[in-house]
Amino acid sequence: MKQPPPPPALDWCLFLDVDGTLLELTDTPSETTANLKINSLLQEIAERLGGAVALVSGRKIATLDQMFAPLKMPAAGLHGVERRRADGTVQGANFVDSQLDGARAALQALVAAHPGTLLEDKDRTVGLHFRLAPQFEEVLGAAVIEIAKPLGNNYHIQGGKMLWEIKPRGFSKATAIQAFMKESPFSGRRPVFVGDDLTDQDGFAMVDALGGISVGVGDRVRGQFFLPDVTAVHGWLQQLADLHDSHHA
């Protein structure tokens, strides 16, 4: 039985995946953007929770800032490879990883040979999207494995929704959440993570281990609790925004 998440509480801290959770998925990554309603909702929730709200995404932090402008929230980008703390300090600052140059060239050739596929170069990771060409999933998966082999054990392949991504090993949404939980204003609060993709599953395990709440969106992932889609996420988040904060009474 899929249970809806419990009513929100003021002692929570909130971690939110973006694509497919906060925002509807689009055919290509560049089409996705937030709107004033979502920004307003996030600002209200951040006020209720003392700023303890972070975006946890496969996107670059710089891209998240563009999508949610003018908001600049605590955030983990590239599945935890980079992270901006609540005080604005950025760890894992962005640079172009030249070790991925061979993979870049090989993926570009792969895209050229398979119409409808798309290379997304995020400087420290490279992703191959095939949402518009799902018939190529099997052949692309095998090709990406071969492309990643020369990189050795320092990199691995991260699967996502109609996506294969090559990224540095040792970073995940779980490691990002764990790091946030050691810092103000997140420490001492009950962690809640909402996500929709396989890349979120380790984040669910982390918040569960910390006595928190995991909320899976849609049918691809399994959290303690379930919301069917982005619209349902927005409705549930509105409950958080509407909480009465006794400190501001």
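How many residues does helix H7 have, and how far does helix H7 reach from its first C-alpha to its last? Helix H7 (residues 230-241) has 12 residues and reaches 16 Å, close to the 16 Å expected at 1.5 Å a residue. That expected span is 1.5 Å times one less than the number of residues.

Welcome to this predicted model, where local features need pLDDT of at least 70, side-chain atom pairs count only at pLDDT 80 or more, and totals for chains, interfaces and linings use all residues. Residues are numbered from 1 along each chain as its sequence is written, and side-chain values use heavy atoms, with hydrogens and water left out. Helices (H or I, at least four residues) and strands (E, at least two) are DSSP runs, numbered from the N terminus.

The buried residues of H7 include Val230, Trp236 and Leu240; buried means under 20% relative accessible area (1.4 Å probe, protein chains only). Among the elements covering the buried residues of H7 are strand S1 (12-16) and helix H1 (36-48).

Now to strand S4 (residues 82-84), where glutamate 82 is found. Glutamate 82 is buried yet has no salt bridge, a side-chain nitrogen of Lys or Arg within 4 Å of a carboxyl oxygen of Asp or Glu. Arginine 124, the nearest side chain of opposite charge, is 6.1 Å away. A polar atom of the glutamate 82 side chain does lie 2.6 Å from the backbone nitrogen of isoleucine 61.

| Bond | Omega |
|---|---|
| alanine 69 to proline 70 | near 5 degrees |
| serine 184 to proline 185 | about 0 degrees |

Proline 70 sits in the loop between helix H2 (61-67) and strand S3 (75-77).

Notes
Buried < 20%, exposed > 50% of the residue type's maximum accessible area, 1.4 Å probe, protein only. Contact = heavy atoms within 4.5 Å. Lys, Arg positive; Asp, Glu negative; His and termini not counted. Polar contact = N/O pair within 3.5 Å; in protein donor to acceptor, adjacent residues only side chain to side chain.
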